[in-house]
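Me: Hi! Could you walk me through this one?

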Amino acid sequence: MHILVTGGAGFIGSHIVEHHLKRGDTVHVIDDLSTGNLANLAAFEENSNFAFDHGDITTWSGLAGAVKEAQRIYNMAAVVGMFRVLEQPVEVTRVNTVGCERLLQAVAEAGHRPQVVLPSSSSVYGPAKYDDLHENANIVVSPDAPLLNYALSKLSNEVQGRAYAQTYDIPVVIARLFNTIGLRQSGQYGFVVPRFVQQALSGQSLTVFGDGLQTRSFCDVRDTVAILDALASTPAAYGQVVNVGNTQEISILELAESIRKAAGSASPLTFTPYEEAYGQDFAQIPQRRPILDRLFDLTGDQHRWPLATTIVDLCAHYRLHAESQQQAPPSPAPATV
């Protein structure tokens with residue numbers, strides 16, 4: 001199968017690339033490297049089934065040709081991460097909405113119908129409580145919500161995807177992702193797990209935003225990718241919105257303790273108010289746990305990586321990376337003139 005991954009140098013995108021290359025598929029990646037990193041793809045550079053193009057999905061001239069070759073497309077090109085979403089509201093709208101529309105239009109004009117996976121986000125649920133986190137819930141987002149632009153951009157992607165599926169008979173799957181974690185995720189843009197792991201291993205205080213009693217459900221990226229693959233291979237999922245995540249719920253305080261234990265760290269906790277963390281009033285969501293009945297009906301339970309295992313793997317990875325950095329010879333000093 002020929003796979004096209006927009007945003008394929010990013011966290012989830014690079015795992016999709018790895019997943020399909022291991023299966024023997026050919027994979028073409030497009031990424032503007034605004035948050036993606038070529039280091040995430042370094043292990044695949046010598047693979048003859050892998051190709052990379054540096055391009056912005058909203059303007060790249062090769063998009064139509066790449067779509068025509070594809071049998072499946074994962075549209076992972078998006079502005080993500082709490083800090084980046086708050087700091088770059090115009091880019092959120094431009095990339096997330098315009099990029100998705102341009103991709104779907106290219107598919108409609110391609111002359112064939114590749115499978116299309118559109119990732120949405122649990123952010124579309126706004127402050128909804130746990131019992132309402134099912135795909136048919138009434139979604140009402142406050143116009144003053146700090147993440148309104150991101151939530152609406154993802155909801156717009158869902159509407160765009162379903163419209164093109166209905167009008168052009170495109171096999172589209174829309175996946176509402178809940179807190180995916182794993183290797184290659186950066187804490188730079190506000191993601192809590194890699195930030196906690198790096199702080200614990202370096203002996204820094206673990207920075208908890210708010211009181212830490214808010215709960216989240218984290219899904220290992222390896223499970224997320226397997227689920228996306230399963231959904232794209234399931235015709236009954238086409239045209240549907242499907243929650244993708246894990247039902248194991250944990251408070252941020254419990255998460256911090258789990259990471260400290262796995263890291264063998266005595267790092268203290270530091271509590272930071274949301275206003276200080278995000279630079280503005282912030283409406284905290286106290287609970288986020290997906291209802292996965294629709295997913296299980298379509299694909300069965302694809303989960304293989306519990307949170308404790310993911311945390312241990314992350315600690316081992318970051319510890320090894322830190323040790324290799326310490327052992328590496330110093331870079332030569334720049335020449336002087």
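**Cavity and strands**

Me: What classes of residue line the largest cavity?
Reply: The lining of the largest cavity has four nonpolar, three polar and one charged residues. Here Ala, Val, Leu, Ile, Met, Phe, Trp, Tyr, Cys and Pro are nonpolar, Asp, Glu, Lys and Arg charged, and the others, Gly among them, polar. This is a predicted model: local features need pLDDT of at least 70, side-chain atom pairs count only at pLDDT 80 or more, and totals for chains, interfaces and linings use all residues. Residues are numbered from 1 along each chain as its sequence is written, and side-chain values use heavy atoms, leaving out hydrogens and water.

Me: Which residues are they?
Reply: Asn75, Met76, Ala77, Ala78, Asn96, Pro119, Lys154 and Asn157 line the largest cavity. A cavity is a set of points on a 1 Å grid over the protein atoms alone where a 1.4 Å probe fits but cannot get out, and lining residues have an atom within 4 Å of a point.

Me: Pro119, where does that pair?
Reply: Proline 119 has alanine 175 of S6 as its bridge partner. Strands S5 (residues 115-121) and S6 run parallel, joined by six bridges. Strands are DSSP runs (E, at least two residues), numbered from the N terminus, and two of them pair if DSSP finds at least two bridges between them.

Me: And is S6 covered or open?
Reply: S6 (residues 172-177) is mostly covered, with six of its six residues buried, meaning under 20% relative accessible area (1.4 Å probe, protein chains only). Val172, Ile174 and Arg176 point one way, and Val173, Ala175 and Leu177 the other.

Notes: On a 1 Å grid over the protein atoms alone, a cavity is a set of points where a 1.4 Å probe fits but cannot get out, and a pocket is an open set with protein on both sides within 12 Å along at least five of seven lines; lining residues have an atom within 4 Å of a point. Buried means under 20% relative accessible area, exposed over 50%, partly exposed in between (1.4 Å probe, protein chains only). Helices (H or I, at least four residues) and strands (E, at least two) are DSSP runs, numbered from the N terminus.
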